[in-house]
Amino acid sequence: MKDAEFEEKEYELPLYRQLGQNTLKLWPPGLVLEGYLGFDLALLLLDPYFWRLHGISRPLAGVSPWHQLWPILKNKQWQQNRLPRFRCNCFIQAKRPKVGSRLPKKLGSLGTARPFFRFSIESDQQELLETAAFQLAGRALFTYAAPVFSRSSELFRHMTLGTIVSHSTFPDVLTLEGQHAWYYNQPGAVGVANRSFEPLEMPSLAARVEILIGEHRNSSEREQSPSAALAQLAGDLRGIVERVGATGEWSRAAYLADELRRISALTEQFDVPPAVVSYLQVDAFATYCNLTWLTIS
């Protein structure tokens, strides 16, 4: 088998944009929050060290957005509706597949469609994602994503037509528990895992999103505020990282735990709303685990 012609990033960026444009309504939370709260890198502008680098003795006068904007966002209904709710979330890891045409006998259950594809699953990362998916069941989806094509020309065509999502596979993390690879030759969530080489057919990503939304509607947390939902998500992820990191078997968990503490220490120096702290911690979890975090509108 040989690698797809394009890199992982070339695939995942248009994939996530198209996920936000279709009926799934999966949104990168930072795009909305940055536009309405004005944070992003401006969070660091009160640090004197930043200004001394540019020959200025102290921060220039200005307006802090924290207290001025946050209460307004709560009161104006049109703005409040645009904010992510953070009650239902989706974490996706995009994969660059390998492609082949000569199907081994043990993969005969894939059928006759060619070519076929495979991506590998990192066992240590899979363990962390399984733990997170189990604990956040009913509040978050964890899934892989990979294209059902391998040529750059196909990528460009699907980018142009807006059909990357409908030509991708989205196997569920929990369903792939203990597996090392996913083989597939069609879109959706149909394929073969490498341990037993038995065919697996999971609900589509759209169906799993609808199930998650339905579970949330029936939960006691349906009236939870965005800030509270975000804080709960961040707290649960911190606990998961601490438990996995305590085993000492996955070095990335140790670095992530250190980064989460650094975020807490840095934001304590400024008058930062708790919601922003929670956002930064969830975003760090996604970054260190090579995931893209999307919130379901």
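Modeller: Let's start with Val173, which sits in the loop between β7 (168-169) and β8. Keep in mind that this is a predicted model. Is Val173 buried or exposed? Its relative accessibility is 1%, so Val173 counts as buried; the cut-off for that is under 20%. Leaving out residues up to four places away in sequence, Val173 touches Gln126, Leu129, Glu130, Phe142, Thr143 and Tyr144. Take Thr143 from that list: Val173 and Thr143 are 30 residues apart in sequence, yet their C-alpha atoms are 5.0 Å apart in space.

Now step back for a moment. The chain has 297 residues, and buried ones make up 48% of them. Its secondary structure comes to 11 helices and 11 strands.

Phe142 is among the residues with the most contacts inside the largest nonpolar core, along with Phe91, Leu237, Val282, Phe285, Leu291 and Trp293. That core has 51 residues. Which elements give two or more residues to it? They are β5 (116-120), α6, β6 (140-147), β8 (181-184), α9, α10 (251-268) and α11 (274-288). The most comes from α11, with 9 residues. As a general point, nonpolar side chains in soluble globular proteins tend to be buried together.

Setting aside its neighbours within four places in sequence, Val282 is in contact with Phe91, Leu230, Leu233, Ala234, Leu237 and Trp293. Apart from this core lies another one, of 24 residues, with Leu26, Leu155, Val165 and Val209 among them.

Next, look at how some of the helices pack. Helix α6 (residues 123-135) and helix α9 (residues 226-246) meet at an angle of about 140°, and their axes are 10 Å apart. At that angle α6 is oblique to α9. The crossing of α6 past α9 is right-handed. On the α6 side the contact is made by Leu128, Thr131, Ala132 and Gln135, and on the α9 side by Asp236, Ile240, Arg243 and Val244. Sorted by class, that contact has 4 nonpolar, 2 polar and 2 charged residues.

Then there's the pair α10 and α11. Their axes come within 10 Å and cross at roughly 160°, which makes α10 roughly antiparallel to α11. This crossing is right-handed. From α10, the residues involved are Arg252, Tyr255, Leu256, Glu259, Leu260, Ile263, Ser264 and Thr267, and they meet Val277, Leu280, Gln281, Ala284, Phe285 and Tyr288 in α11. The classes here are 9 nonpolar, 3 polar and 2 charged residues.

Follow the chain on from α11 and you reach Asn290, in the loop between α11 and β11 (292-296). What is the phi of Asn290? It's positive, about 60°, although Asn290 is not a glycine. For background, most residues other than glycine have a negative phi. Asn290 counts as partly exposed, because its relative accessibility is 33%.

Compare that with another asparagine, Asn89, whose place is in strand β3 (residues 89-94). Asn89 has 2% relative accessibility and therefore counts as buried. Not counting residues up to four places away in sequence, Asn89 touches Arg139, Ala140, Leu141, Leu212, Leu233, Trp293, Leu294, Thr295 and Ile296. Two of those names, Leu233 and Trp293, also turned up as contacts of Val282.

Glu10, Tyr11, Pro14 and Gln18 of α1 meet Leu155, His158 and Met159 of α7. By class, that contact divides into 4 nonpolar, 2 polar and 1 charged. Leu155 is a name you've already met, as one of the residues in the core of 24.

Notes
Residues numbered from 1 in each chain as written. Predicted model: local features only at pLDDT ≥ 70, side-chain atom pairs only at ≥ 80, totals over all residues. Heavy atoms only, no water. Axes fitted to C-alpha atoms, helices over the stretch in contact; angles between N-to-C directions. Helix = DSSP H or I, 4+ residues; strand = E, 2+ residues; numbered from the N terminus. Parallel < 35°, antiparallel > 145°, perpendicular 65-115°, else oblique. Left-handed = near helix turned anticlockwise from the far one by under 90°. Contact = heavy atoms within 4.5 Å. Nonpolar A, V, L, I, M, F, W, Y, C, P; charged D, E, K, R; others polar. Core = buried A, V, L, I, M, F, W, Y, C linked by side-chain atoms within 4.5 Å. Buried < 20%, exposed > 50% of the residue type's maximum accessible area, 1.4 Å probe, protein only.
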